[in-house]
Amino acid sequence: MISNGQLLHRADSIAADLARDGISVATDVLSPNLVFSLTAEARTQWEQDQYRLAQIGTGDTKQHATEVRSDRVRWWDDAELSDPQRAYKAELEQLRVAINRTTMLGLFEWEGHYACYPPGGHYRRHLDVFANARDRQVSTILYLNDDWRPRDGGELRIWTQAAGPDWALDSLTIDVEPRAGTLVVFLSEDIYHEVLPTRADRFSVSGWFRTRPTTVL
């Protein structure tokens, strides 16, 4: 599940991981300059108070629930993308094509946001889908923490197989360190995950490849 190299050249292996394991963890898949630019922008927007407390649910059920998740987010607007955002989306387009070629998922667009977990931030175990909106198929997380240290916390805990009753302790998990340049890609409907409590600001670009919404007649 671990790969190294530029995203353009690693897209096929990431897609193969996804088809086989439901998850891929890749390091150094983007140029250091792009990761640096995204990191600088994410931190600047944080300092300018452009993030908002994240919510859970959809539509009329949306609500703040800090006992479940306490991160802050800054959504990307396709009509006003910065140069680093545009460059990252171009890289992700290569990945979208590779995933579709390998899995036939029919992914057609990506949506995402900057996320910051301030000290004490967390997100309890969950799936990245909603009961009434299942168009998110593949989740992507790019970490932007160039100065991360183990004592900073905020690892991504991933359940790599279905858990038993009451989330049996023998369920297989892995913890991913949120180091700058690490890209995590996984099937949104299948992979349970959580963000462990942070002890320092933790930044990322979180997003989802989506399929076209289906209309039920």
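**Labels and their cut-offs**

Reply: Happy to! W76 has a relative accessible area of 10%, so it counts as buried, because buried means under 20% (exposed is over 50%, partly exposed in between, with a 1.4 Å probe and protein chains only). Bear in mind that this is a predicted model, where local features need pLDDT of at least 70, side-chain atom pairs count only at pLDDT 80 or more, and totals for chains, interfaces and linings use all residues. Residues are numbered from 1 along each chain as its sequence is written, and side-chain values use heavy atoms, leaving out hydrogens and water.

Me: What makes W76 and Y88 an aromatic pair, and why is it called edge-to-face?

Reply: Rings of Phe, Tyr and Trp (its six-membered ring) pair if their centres lie within 6.5 Å; planes under 30 degrees apart count as stacked, over 60 as edge-to-face and the rest as tilted. W76 and Y88 are 6.1 Å apart, centre to centre, with 80° between the planes, so they are a pair of the edge-to-face kind. W76 sits in the loop between β4 and α3, and Y88 in helix α3, 12 residues apart. Together with W110 and Y114, these two form one aromatic cluster.

Me: How do you know that Y88 is buried?

Reply: Its relative accessibility is 0%, so Y88 falls under the buried limit. Y88 is also among the residues that touch the most other members of the largest nonpolar core, which has 33 residues. Such a core is a set of buried Ala, Val, Leu, Ile, Met, Phe, Trp, Tyr and Cys residues joined through side-chain atoms within 4.5 Å.

Me: What makes the largest pocket a pocket, and what lines it?

Reply: On a 1 Å grid over the protein atoms alone, a pocket is an open set of points with protein on both sides within 12 Å along at least five of seven lines, whereas a cavity is a set where a 1.4 Å probe fits but cannot get out; lining residues have an atom within 4 Å of a point. By that rule the largest pocket is lined by 34 residues, with Q55, R69, Y123, R136 and W208 nearest its centre. The largest share of the lining, 5 residues, comes from β12.

Notes
Helices (H or I, at least four residues) and strands (E, at least two) are DSSP runs, numbered from the N terminus.
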